[in-house]
Amino acid sequence: MPLTTNTILICAGGACISAGEKSVKDALEEELKKYGLDEVVRVIETGCMGACTLGPIAVIYPEGVFYQKLTPEAAKEIVEEHILKGRIVEKHLYKAPEGKPVPRVHEEVPFFKKQVKIVTRNLGIIDPTKIEEYIARDGYFALAKALQMKPEDVIREIKDSGLRGRGGAGFPTGLKWELAAKQKAERKFVVCNADEGDPGAFMDRSILEGDPHAVIEGMAIAAYAIGAQKGFVYVRAEYPLAIERLNIALEQAREYGFLGENIMGTDFFFDIEIRIGAGAFVCGEETALMASIEGERGQPRVKPPYPVEKGLWGYPTVINNVETLANVPWIIRNGAKEFRKYGTETSPGTKVFALAGKVKNTGLVEVPMGITLRELIYEIGGGIAGDKKLKAVQTGGPSGGCIPAEYIDTPVDFESLQKLGAIMGSGGMIVMDEDDCMVDVARFFLEFTVEESCGKCTPCREGTKKMLEILEKITSGEGTEEDIEELEKLANVIKDTSLCGLGQTAPNPVLSTLRYFRDEYLAHVREKKCPAKKCKALISYVIDPEKCVGCTACARVCPVQCISGQVRQPHVIDQAECVRCGSCIEVCRFGAISKVTPALPVEEAVE
Amino acid sequence: MGKVKSLEELMKIKEQALKDLQLRGETGKRGKITVAMGTCGIAAGAKETLKAIVEALNEHGVDDVAVVQSGCMGLCEVEPTVEVRLEGQEPVVYGRVTPENAKRIVKMHILEGRVVEDLVVKRGEV
């Protein structure tokens, strides 16, 4: 047994790595060595702990003290003070909104307290590269239990749990398995869809990075239930750490006999291969994904036949999302009834969201289905950043829609979101405030779809491009009311005529913003105004001569030198030259610069 | 590591792995042993003491007592010093805790609940 006193868990999720986790870890280790503590203090890199805004994060056990926003200097201080002398380093602790440092966030901070962790229960707790730690947390007990059950009983349990696919559409998982199990075929496949392409979504990556065995175990159970011998994890090449951890986990699972032949002493055999995708959005669509695994170009085909009938190489194939599969071991271990204690009647269990945008605590959160948007955004998310006004919540990525602020008390479940013209999707949730222009948001998502359209069918290839052109026309102040009508017509045609789910849902951001924010579209075309003061063509930056003290900061930062004036005299912006980059407004310490809409006529502004 | 062939084998791995995890202190502990590990403590042999404590705890299968290190307790003349804090009892600070003494403390104080009188430096809150 390793001899340890303190254990330092350092979050090695993508966000923390980007924020400098590696240099913090190096500093920790170097410092521990310096004091000769490297033998007794373990430093472990875990998966994403969820509180991404606070990264790099470390939790020191046994005390469970949570440190945030670490730097190599902070690491040195923590070793010196906390590890060596047992004194908590207050300045690196998480601080509550009222400024009080909180040493034990997991028990005290709403961000953690309000969550229910089923899928993410091991994230930030275990070392994802050690199968023993997964086993310590009841890992592979579900597989052991499933192997003692009849396959149809395993399927029954999943059906009873009411688990629905977490990839977006919410298809009942148990039913999918049952359909596949009923097929008579010499071979069957299980595929884990880890293609996750929605802008702003990173749940699947975090699960694979932080708890890869949960996905492997879920796949093995699915394979046993439907009678498959082979599985694939389809993961995008942009997720190198997930691929690395998955590879380590697969190797360990084989070593322990959870994969391969005679799994856990039975005659069941199953193995998993990783297939790396190039990161095309369309490859998350199941028929395109299968084409890609087969080595073909990743393009969708018409359904039916569905993958459960004719999937990979024509054999029955179950395709489940990462999060869906990670739910499976928990359900088998604890039973369907226990699972149904969380969530709602039609959407049982929890959902992992990637909370992003204008919210104070961005990050990965797992909440029971049916929680209201208000609880999610204000209690867990900590409210709107800068204490601005909430305008809308965008859910479901490019296939989803915007929910306006007045529906803040809507419970988050498959049906409720759908009723509002949004979807659960894979779980991206982008919070928008008064500074976000909804026309611009629609344009952003459409730009994504146009770039990612595989081009196979005309409505998606040509239609979305045309829609984008209209949106660009509107945001640049050239749009007319007819354009809005045309946009809506196109959206509905594309929705009805596209080949695959991606094309069918591509107009959703436009349709939902038209539904709730039509007045913003109208302001753009009628008054040439952008109410959020976001669309560059429709705004001007102006300097208030009363407030301007002539400090010249704005003039110095302006990239096109369009600001002029004497020192200690009010400055002016030459509207004809201004590129509306907003650099001046950021550096002005006197609040003298503001945005106005519609844009000023050029002559008027120079006086 | 060989292949796991039964639930019993899996259980065994879990028990062992759980012990390792629990040393991290995420489950309920009934107490805490603090080894003063300031420079003075380390110079007086606190690292060996620490090692002996952890070994003794393992040997007796004690997994509900955490072992942590702290800085100097300010009792340099009696280093290495160790504080034992058990739930519902007043803390006891022991001095001159050699590896042998450490084993005695684990055996008597942790297992049998008896304070090792001849090593006591201080009782109660510091």
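A strand here is a run of at least two residues that DSSP marks E, with numbering that starts from the N terminus. With that in hand, find strand 2 of chain B, residues 65-70, and you'll see B:Gln69 sitting in it. Keep in mind that this is a predicted model.

Is B:Gln69 buried or exposed? Its relative accessible area is 3%, and because anything under 20% counts as buried, B:Gln69 is buried. Look at what surrounds it. Leaving aside neighbours within four places in sequence, B:Gln69 touches residues of chain B, including B:Thr34, B:Met37 and B:Leu50. Its contacts also reach into chain A, among them A:Thr5, A:Leu37 and A:Ile83. Another spot to check is B:Glu83, which is 14 residues from B:Gln69 in sequence and 9.8 Å from it in space, C-alpha to C-alpha.

Now zoom out to the place where the chains meet. Chain B brings 34 residues to the contact and chain A brings 41 residues. The size of an interface is often given as the accessible area lost when the parts come together. For chain B and chain A, that buried area is about 3200 Å², with 63% of it from carbon and sulfur atoms.

What about charges? The rule finds 1 salt bridge across this interface: the side chains of B:Lys14 and A:Asp138 pair up at 2.5 Å, N to O. Between the two chains there are also 3 residue pairs in polar contact, both partners at pLDDT 80 or more. On the side of chain B that touches chain A, helix 1 (7-22), helix 3 (46-59) and strand 2 each give two or more residues. Helix 1 of chain B has the largest share, 11 residues. By type, that side divides into 17 nonpolar, 8 polar and 9 charged residues.

Key
Residues numbered from 1 in each chain as written. Chains lettered and ligands numbered in written order. Predicted model: local features only at pLDDT ≥ 70, side-chain atom pairs only at ≥ 80, totals over all residues. Heavy atoms only, no water. Helix = DSSP H or I, 4+ residues; strand = E, 2+ residues; numbered from the N terminus. Buried < 20%, exposed > 50% of the residue type's maximum accessible area, 1.4 Å probe, protein only. Contact = heavy atoms within 4.5 Å. Buried area = accessible area lost by both parts, 1.4 Å probe. Salt bridge = Lys/Arg side-chain N within 4 Å of Asp/Glu carboxyl O. Polar contact = N/O pair within 3.5 Å; in protein donor to acceptor, adjacent residues only side chain to side chain. Nonpolar A, V, L, I, M, F, W, Y, C, P; charged D, E, K, R; others polar.
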